[in-house]
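User: Could you walk me through this model? I would like to start with the overall picture and then look at a few individual residues.

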Amino acid sequence: MPKILVVEDDNAIVKNLCELLSSEGFAAEAAVNCSQAIEKLKNESYDLILLDVLLPDGNGFAVCAAAKELSAAPIIFLTASADEYSVVMGLDMGADDYIEKPYRPRELISRIRSVLRRSSAAMNVIVRGNVTVDLDKASVMKDGREVFLSALEYKLLLVFINNPKAVLTRSRLLNEIWDVAGDFVGDNTLTVYIKRLRNKIEDDPQNPKIILTVRGIGYRLGDE
């Protein structure tokens, strides 16, 4: 079920929009201002962000900039500010679409699905250095040769891929991979699986380039 973050300060719009998204098979969460939206992006993964421009503690452009650092989720601006400057600025910042309020529900859902399809197609194959992950085939290749990962190792790798700009704490990683193989996953187990994954995908596991350690915090995905 695609997960959508709705960033909007009007309670009535949030309620109606979340109900509409739910009825169409989406999971929706709401943030009412910039700071709450950014905090959610730091701690959760989303498939798409619906973003208002005018927010109580700033504007949606600041959230858009932060989202590009923290998430790979596509962004649709949904706002009454449809002047040319706002539209061009939003698109130049990397937004995927711009829909003016009041929106037509069927058109909105259609455009959400269109953006999700484009995003999914673009992200089906992920490349980091000499490692390629094909999400459709659930396969990992290194230097053109398949790398065989356990269920937990693959799930762990996907967490990093789905959060390409975020620093992931150990507690968040534990929550993400908990019980994926039917077993308890503890802190020591996480250390073991990080080491195993590095041994399989890094050229030099002692000096990793793909899964980096952020001292005192956790880990993050290396830059492309």
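Analyst: One definition is needed first: helices here are DSSP runs of H or I with at least four residues, strands are runs of E with at least two, and both are numbered from the N terminus. With that numbering, Glu-8 lies in the loop between S1 and helix H1 (11–23). Please keep in mind that this is a predicted model.

User: How many helices and strands are in the protein chain?

Analyst: The protein chain has eight helices and 14 strands. Its radius of gyration is 19 Å, close to the 17 Å that the globule rule gives for 224 residues, so the chain is as compact as a globular protein of that length. Along the principal axes, the C-alpha atoms fill a box of roughly 50 × 35 × 30 Å.

User: What percentage of the residues is buried?

Analyst: Buried residues account for 45% of the 224 residues in the protein chain. As for how the chain comes together, 56% of the contacts between residues at least 6 apart in sequence join residues at least 24 apart.

User: Back to Glu-8, is it buried or exposed?

Analyst: Glu-8 counts as buried, because its relative accessibility is 4% and the cut-off for buried is under 20%. Its side chain reaches the backbone nitrogen of Asp-10 at 2.9 Å. Leaving aside neighbours within four places in sequence, Glu-8 is in contact with Ile-13, Val-14, Ala-31, Val-32, Asp-52, Leu-55 and Lys-101.

User: Which residues line the second largest cavity?

Analyst: Glu-8 is one of them, and the lining also includes Val-6, Val-7, Leu-17, Leu-50, Leu-51, Asp-52 and Leu-78. About 30 Å³ of space lies in that cavity, and its lining divides into six nonpolar, no polar and two charged residues. Strand S1 (3–7) and strand S3 (48–51) each supply at least two residues of this lining.

User: And the largest one, how much space lies in it?

Analyst: The largest cavity holds about 50 Å³ of space, and the structure has two cavities of 30 Å³ or more. The lining of the largest cavity consists of Ile-126, Val-127, Arg-128, Val-131, Val-133, Leu-157, Ile-161, Ile-210 and Leu-221, which by class are eight nonpolar, no polar and one charged. Strand S8 (125–128), strand S9 (131–134) and helix H6 (151–162) each contribute at least two residues, and the largest share, three residues, comes from S8.

User: Switching to Asn-33, where does it lie, and what does its side chain reach at 2.7 Å?

Analyst: Asn-33 lies in the loop between strand S2 (27–31) and helix H2 (34–43), and its side chain reaches the backbone nitrogen of Gln-36 at 2.7 Å. The side chain of Asn-33 also makes a polar contact with the side chain of Ser-35, at 3.0 Å. Since its relative accessibility is 19%, Asn-33 counts as buried. Apart from neighbours within four places in sequence, Asn-33 is in contact with Val-7, Leu-55, Pro-56 and Asp-57.

User: What caps the N-terminal end of H3?

Analyst: Asn-59 does, with a side-chain oxygen 2.9 Å from the backbone nitrogen of Phe-61. The buried residues of helix H3 (residues 60–70) are Gly-60, Phe-61, Val-63, Cys-64, Ala-66, Ala-67 and Leu-70. What covers these buried residues includes H2, S3, strand S4 (54–55), strand S5 (58–59), strand S6 (75–79) and helix H4 (84–92).

User: What about Val-115, which residues does it touch?

Analyst: Not counting residues up to four places away in sequence, Val-115 touches Leu-48, Pro-74, Ile-76, Asp-96 and Asp-97. Val-115 sits in helix H5 (residues 105–122) and is buried, with a relative accessible area of 1%. Val-115 and Asp-96 are 19 residues apart in sequence, while their C-alpha atoms are 6.9 Å apart in space.

User: Last topic, the backbone: which residues does the cis peptide bond join?

Analyst: The cis peptide bond joins Lys-101 and Pro-102, with omega about -5 degrees, and Pro-102 is in the loop between strand S7 (97–100) and H5. In general, most residues other than glycine have a negative phi, and most peptide bonds are trans. Ala-138 has a positive phi, near 55 degrees; this residue is in the loop between S9 and strand S10 (139–142) and is partly exposed, with a relative accessible area of 47%. Asp-143 likewise has a positive phi of about 55 degrees although it is not a glycine; Asp-143 is found in the loop between S10 and strand S11 (145–147) and counts as exposed at 54% relative accessibility.

Methods
Residues are numbered from 1 along each chain as its sequence is written. This is a predicted model: local features need pLDDT of at least 70, side-chain atom pairs count only at pLDDT 80 or more; totals for chains, interfaces and linings use all residues. Side-chain values use heavy atoms; hydrogens and water are left out. Buried means under 20% relative accessible area, exposed over 50%, partly exposed in between (1.4 Å probe, protein chains only). A polar contact is a pair of N or O atoms within 3.5 Å; within protein, one must be able to donate a hydrogen and the other to accept it, and residues adjacent in sequence count only if both atoms are side-chain atoms. Contact means heavy atoms within 4.5 Å. On a 1 Å grid over the protein atoms alone, a cavity is a set of points where a 1.4 Å probe fits but cannot get out, and a pocket is an open set with protein on both sides within 12 Å along at least five of seven lines; lining residues have an atom within 4 Å of a point. Grid points are joined across faces, edges and corners, and a volume is the space filled by probe spheres set on the points. Ala, Val, Leu, Ile, Met, Phe, Trp, Tyr, Cys and Pro count as nonpolar, Asp, Glu, Lys and Arg as charged, and the others, Gly among them, as polar. The radius of gyration is taken over C-alpha atoms; the globule rule is 2.2 Å times the number of residues to the power 0.38.
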